[in-house]
Amino acid sequence: MKILALDTSTSRVTVALTDSETLVNQLHGGELTGAQFHGELLAGLVMQCLGDLRPDAIAVGRGPGPYTGLRVGITTAEVLAAAWEIPVVGVPTLQALAHGHIRRGGSAGVACLDVKRKEIAAQSFDAHGSMTGDPHLVHINDIDSLADQHLVGPAFITQTQVQPVVSDDSPVDAFDIALIAHHQFASGNLESSQPLYLRAPDAAEPAPRKTVL
């Protein structure tokens with residue numbers, strides 16, 4: 001099975017194509033500390049990554065992450081899947097960070113992503129890369145609550161107001177998104193591509209109009 005995987009949960013866009021868990025191609029665009037150019041970068045990276053090949057499924061990182069960038073990746077994945085009439089699955093980005101850390105020889109820790117507004121998304125994982133707690137938000141003023149744990153992920157590359165010790169600050173790779181998706185298909189437990197948000201959206205329904213007497 002050929003899986004096209006992509007993630008736009010940070011300013012760094014990552015795209016990969018795998019075939020039976022073997023990496024065929026992987027490309028990245030943008031910088032973690034740069035502006036978000038997901039809309040400008042993603043389509044071109046997908047075309048370059050695929051070449052003349054057509055995937056059998058698409059996997060997309062579903063966050064957590066900033067709203068706009070996350071939606072670009074998920075919408076692109078869903079549109080391509082509909083056009084090609086292939087399935088699309090979601091992979092939590094924190095799980096992909098944990099998977100990559102274990103794949104590179106790491107051990108249990110806490111996956112961390114900067115979700116802006118002085119908050120970090122965090123989730124613990126075991127030595128096999130399985131998530132052992134729910135994803136939650138940690139304000140940078142409370143970052144000491146993560147002390148004495150192995151922190152993994154690029155959260156503190158972009159969130160520079162606090163600088164705890166980080167065991168592995170590698171960003172998420174679409175390769176890990178694809179590998180997790182392969183396991184989903186093998187087990188039959190397919191995960192939704194709906195975005196994973198840890199806080200309520202800013203937009204709210206308008207209040208009823210006041211009656212003028």
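Me: In which strand is the place of Gln123?

Reply: This is a predicted model, where local features need pLDDT of at least 70, side-chain atom pairs count only at pLDDT 80 or more, and totals for chains, interfaces and linings use all residues. Residues are numbered from 1 along each chain as its sequence is written, and side-chain values use heavy atoms, with hydrogens and water left out. Helices (H or I, at least four residues) and strands (E, at least two) are DSSP runs, numbered from the N terminus. Gln123 lies in the run of residues 119-125, which is strand E7.

Me: Is Gln123 buried or exposed?

Reply: Buried means under 20% relative accessible area, exposed means over 50%, and partly exposed lies in between (1.4 Å probe, protein chains only). The relative accessibility of Gln123 is 8%, so the residue counts as buried.

Me: Which backbone oxygen does the side chain of Gln123 reach?

Reply: A contact means heavy atoms within 4.5 Å. Leaving aside neighbours within four places in sequence, Gln123 has contacts that include Leu94, Ala111, Met131 and Gly133. A polar contact is a pair of N or O atoms within 3.5 Å; within protein, one must be able to donate a hydrogen and the other to accept it, and residues adjacent in sequence count only if both atoms are side-chain atoms. At 2.6 Å, the side chain of Gln123 reaches the backbone oxygen of Gly133.

Me: Which are the edge strands in the open sheet of 4 strands?

Reply: Two strands pair if DSSP finds at least two bridges between them. The order of this sheet is E8-E7-E6-E9, with mixed pairing. The strands that pair on one side only are E8 (136-139) and E9 (151-152).

Me: Which residue in E9 stands opposite Ala111?

Reply: Strand E6 (residues 109-114) and E9 run parallel and are joined by 2 bridges. Opposite Ala111, the residue in E9 is Val152.

Me: About what angle does the direction of helix H3 make with that of E6?

Reply: Axes are lines fitted to C-alpha atoms, for helices over the stretch in contact, and angles run from 0 to 180 degrees between N-to-C directions. Helix H3 (residues 93-103) packs on the sheet and touches E6, E7 and E9. Its direction and that of E6 make an angle of about 130°.

Me: How many of the 11 residues of H3 are buried?

Reply: The buried residues of H3 include Leu94, Leu97, His101 and Ile102. H3 is largely enclosed by the rest of the structure, because the buried count among its 11 residues is 8.

Me: What are the edge strands of the open sheet of 5 strands?

Reply: The order here is E3-E2-E1-E4-E5, with mixed pairing. An edge strand has a single partner strand, so one side is left without a neighbour in the sheet; this holds for E3 (22-29) and E5.

Me: What does the twist average from one strand to the next in that sheet?

Reply: The sheet in question has 5 strands and is open. From one strand to the next, its twist averages 20°.

Me: Which residue in E5 is the bridge partner of Val60?

Reply: Strand E4 (residues 57-61) and strand E5 (residues 88-91) run parallel, joined by 4 bridges. In E5, Ile58 has Val88 as its bridge partner. For Val60, the partner is Gly90.

Me: Which helix makes a β-α-β unit with E4 and E5?

Reply: A crossover is right-handed if, with the strands pointing away from the viewer, the path from the first strand over the helix to the second runs clockwise. The unit with E4 and E5 is right-handed, and its helix is H2.

Me: Which residue in the turn between E2 and E3 has a positive phi?

Reply: E2 and E3 pair in the antiparallel sense over 7 bridges. They form a hairpin with 2 residues between them, and the turn residue with a positive phi of about 55° is Ser20.

Me: How many residues apart are Tyr67 and Tyr197?

Reply: Rings of Phe, Tyr and Trp (its six-membered ring) pair if their centres lie within 6.5 Å; planes under 30 degrees apart count as stacked, over 60 as edge-to-face and the rest as tilted. A search of the whole structure finds 1 aromatic pair. Tyr67 and Tyr197 form this stacked pair, at 5.5 Å centre to centre and 25° between the planes. Tyr67 is in helix H2 (residues 67-84) and Tyr197 in the segment after helix H5 (174-187), and their separation in residues is 130.
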